[in-house]
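Let's walk through this protein together, one feature at a time.

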Amino acid sequence: MAESHDLTMPPRAEESAALLIHLLDRCNLHCDHCYMDGAANGSKFLPLDVVLRCLDETERLGIRTVYFSGGEPFLYPGLEAILALLPQKPTFRPVICTNGTLIRGADAAKVKASGASAQVSIDGDEEYHDRFRRSAGAFHAANRGIQELVAAGVPVAAVVTICQDNLGCLPWLAEWAIEKGVERISVQPLQQVGRGARIAHRKLTEDQMCELFVRLSDLGYAYRPRGLRFSLQYRARNYLLAHPCAAFVCNGERCHRQVAKEIKTLVVREDGAVLPEIPSLHPRFALGNVMESTLVDLVTRYFSDGYANFHGLCRAVFAEVMPGFGAPIVPWDEIVSERSWARQDCGSELRTLQVSHERDREAAGPL
Ligand code: SF4
């Protein structure tokens, strides 16, 4: 399930860091917008022992929220072993990110026993969803999977990729979610990355983005009494300007949190590459590869000599984009991801930027 997962769900100060693991690139769907080109012939996957080692290290790094994604995680042969392990890690808040189509009752029971919640992709009604996901029957199968999860007692959020074609679907989706027992609708605007670049003309305009924001506010207000919440994965321009650390632009000594270097989200891709913050970032910003080194070592080295590269990119893009950005909502991750691929020269240029002081705790401590 390679879309921009809702990584905003449990944002609490010291425990807000998250790990996003892409277990494999194989998927039974072939969605129009997939940022990692998930497909039935995908052959890359993380060996189970590497995943389990990463989870052990995740505990040592103080990360609590762990997202398991793909491709489709229910095609990963080791998923059952991972789910069985999770109850031994009570500090974790695990989330399974799935297209929902392969989940049967027994799978849902294992997810429930693991303590994980689920994020399931649903983009609109059956006709739209099946077209967008390029798979007849995908909506029906995902609905069945959601029903199994809800019946087993697993908290389910629906992740909606929104573009010009389904902007009008939100009221319908709200009623659908209430009927299915879905607790939250997380809206992520279409990103111009991976296969999404081919349908970039269907992205929301700035005006439509503002309209989306208003619609979600209205829906959130109307549906809160019925137990349904809404979230939007983009960030408010004013918030980013006031808190550049939300744009991964660290203020060093001027930071109100006294943090000079941090990783909010650690991404482990199916080929073992470890990226800071954004799954679709250019690989030259990778911390390294978990097949060759431990996660703790990669993080430690990153804080010692790799951080300036990514931080420099974010700082340069922030200075270039934010002052003239007109819309109140900013697709920050997408902008940085696009620039990371476009600005082939920025890595070396920006290495000269220095952070003013180290984070006030061990690099290998809580992120
Ligand atoms: S469900 Fe769609 S978006 Fe997710 S990995 Fe499969 S092809 Fe990609």
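Start with a pair of helices: α3 (residues 105-114) and α5 (residues 138-152) pack with their axes 8 Å apart and at an angle of about 45°. (Axes here are lines fitted to C-alpha atoms, for helices over the stretch in contact, and angles run from 0 to 180 degrees between N-to-C directions.) That angle makes α3 oblique to α5; the scale calls angles under 35 degrees roughly parallel, over 145 roughly antiparallel, 65 to 115 roughly perpendicular, and the rest oblique. On the α3 side the contact is made by G105, A108, A109, V111 and K112, and on the α5 side by E148, L149, A151 and A152. Being in contact means that the C-beta atoms of two residues, placed from the backbone, lie within 7 Å.

Before going on, a word on what you're looking at. This is a predicted model, where local features need pLDDT of at least 70 and side-chain atom pairs count only at pLDDT 80 or more, while totals for chains, interfaces and linings use all residues. Residues are numbered from 1 along each chain as its sequence is written.

Now zoom out. The protein chain has 11 helices and 12 strands, which are DSSP runs numbered from the N terminus (helices are H or I with at least four residues, strands are E with at least two). Of its 367 residues, 45% are buried. A residue is buried if 20 or more other C-beta atoms lie within 10 Å of its own, exposed if 12 or fewer do, and partly exposed in between.

Next, find helix α6, residues 170-180, where L173, A174 and A177 are buried. Seen down the axis of α6, the buried residues fall within an arc of 105°, so they line one face of the helix. On the face of α6 turned away from the buried side you'll find the exposed residues E175 and E179. And what covers the buried residues? The cover includes β5 (156-162), β6 (184-189) and α7 (206-223). Just after α6, G181 takes a positive phi of about 85°.

Let's head inside. The largest nonpolar core has 101 residues, and I21, A158, I185, V268, V274 and C314 touch the most other members. Such a core is a set of buried Ala, Val, Leu, Ile, Met, Phe, Trp, Tyr and Cys residues joined through C-beta atoms within 7 Å. Helix α9 (residues 295-321) gives this core its largest share, 11 residues. Pick out V268: leaving aside neighbours within four places in sequence, V268 is in contact with residues including L19, I21, V274 and V290.

Finally, look at some loops. P328 sits between α9 and β12 (329-330) and is partly exposed, with 15 other C-beta atoms within 10 Å. The C-alpha atoms of P328 and M209 are separated by 8.6 Å, though the two are 119 residues apart along the chain. Between β2 (65-69) and α2 (79-85) lies G71, which a cis peptide bond joins to G70, with omega about 15°. F248, in the loop between α8 (237-242) and β9 (265-268), has a positive phi of about 65° although it is not a glycine.

Notes. Arc of directions from axis to C-beta.
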